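Please have the sequence and the coordinates open while reading.

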Amino acid sequence: MDLAQYIRNIPDFPTRGIQFKDITTLLKNREAFREAIDRLAEALRTANPDLVVGIEARGFIIGAPVAYILGCGFVPVRKKGKLPAATLSKTYELEYGSATLEIHRDAIEAGQRVVVVDDLLATGGTTKAVCEMVEELGGNIVGIGFVIELESLRGRERLKQYPVVSLVRL
Ligand code: AMP
């Protein structure tokens, strides 16, 4: 199955010049959704993770079923102000603007094997910030998975110390 066919391109969203890759068209198709989750889970299985960390919000939709398939726990990384207990936070640059992400300080135990999942790799800034937070909490990043990789933005280079898998390269 060619998953790329199920990804919709929206020009100039959310700002002029951005080619937004909309995965809602993939998610609503039962075969494409299942194929994307199954393929990502299988690509990350060899990393033998304890935990899947998903990045709000589309990283939750992809990361939670991957964690379920792999028999892992799921840890949410959320936008500032959403997590109720003590958090670690990090501010980073995006392809458009900047943002602050947070993780619960007790979400990860030292030495746990962690994979980070998001829908899309652009510049890699988001995932890099998340990996740094996981490492600060003592986690060991054993893999990173995306449905989509925008190759021209070279996010993979920014994440070169980690094993990165992606299903669709655009
Ligand atoms: P980056 O930190 O540059 O790798 O950006 C990745 C994050 O921003 C992911 O959470 C994506 O969902 C979102 N994102 C960045 N660029 C796009 C794009 N062109 N289309 C859809 N989502 C994007």
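The model is predicted. An open sheet of 7 strands, with mixed pairing, has the order β5-β6-β4-β3-β7-β8-β9.

**Sheet**

- The edge strands of this sheet are β5 (87-93) and β9, each of which pairs on one side only.
- From one strand to the next, the twist averages 20 degrees.
- β7 and β8 run parallel and are joined by 8 bridges.
- Within that pair, Leu-121 has Glu-149 of β8 as its bridge partner.
- On to β9: β8 and β9 also run parallel, and 5 bridges join them.
- Gly-145 stands opposite Val-165, a residue of β9.
- Is β8 enclosed or open to the outside? It is largely enclosed by the rest of the structure, because 9 of its 10 residues are buried.
- As background, strands of a sheet pair through backbone hydrogen bonds, in either a parallel or an antiparallel sense.

**Helix α3 on the sheet**

- α3 packs on the sheet and touches β3, β4 (73-79), β7 and β8.
- The direction of α3 makes about 175 degrees with that of β4.

**Helix α2**

- α2 covers residues 30-45.
- The 16 residues of α2 should span 22 Å at 1.5 Å a residue, and this agrees with its end C-alpha atoms, which are 22 Å apart.
- The buried residues in α2 are Ala-32, Ala-36, Ile-37, Leu-40, Ala-41 and Leu-44.
- Seen down the helix axis, the buried residues of α2 fall within an arc of 155 degrees, so they line one face of the helix.
- Which elements do the buried residues of α2 pack against? They pack against α1 (24-27), α3, β7 (113-121), β8 and β9 (164-169).
- Arg-30 and Arg-34 are exposed and sit on the face of α2 turned away from its buried side.
- At the start of α2, the backbone nitrogen of Glu-31 has a side-chain oxygen of Asn-29 within 3.1 Å.

**Cis peptide bonds**

- Most residues other than glycine have a negative phi, and most peptide bonds are trans. The remaining points list exceptions.
- The bond from Phe-13 to Pro-14 is cis, with omega near 0 degrees.
- Pro-14 belongs to the loop between β1 (8-11) and β2 (19-22).
- A cis bond also links Glu-56 to Ala-57, here with omega near -5 degrees.
- Ala-57 is placed in the loop between β3 (51-55) and α3 (58-70).

- Asn-48 has phi near 50 degrees, a positive value in a residue other than glycine.
- The loop that holds Asn-48 runs between α2 and β3.
- Why does Asn-48 count as exposed? Its relative accessibility is 53%, and the cut-off for exposed is over 50%.
- Arg-154 has phi near 55 degrees, again positive in a residue other than glycine.
- Arg-154 lies in the loop between β8 (140-149) and α5 (155-158).
- With 54% relative accessibility, Arg-154 counts as exposed.

Terms used. Residues numbered from 1 in each chain as written. Predicted model: local features only at pLDDT ≥ 70, side-chain atom pairs only at ≥ 80, totals over all residues. Heavy atoms only, no water. Helix = DSSP H or I, 4+ residues; strand = E, 2+ residues; numbered from the N terminus. Buried < 20%, exposed > 50% of the residue type's maximum accessible area, 1.4 Å probe, protein only. Expected span 1.5 Å × (residues − 1). Arc of directions from axis to C-beta. Contact = heavy atoms within 4.5 Å. Polar contact = N/O pair within 3.5 Å; in protein donor to acceptor, adjacent residues only side chain to side chain. Pairing = 2+ DSSP bridges. Axes fitted to C-alpha atoms, helices over the stretch in contact; angles between N-to-C directions.
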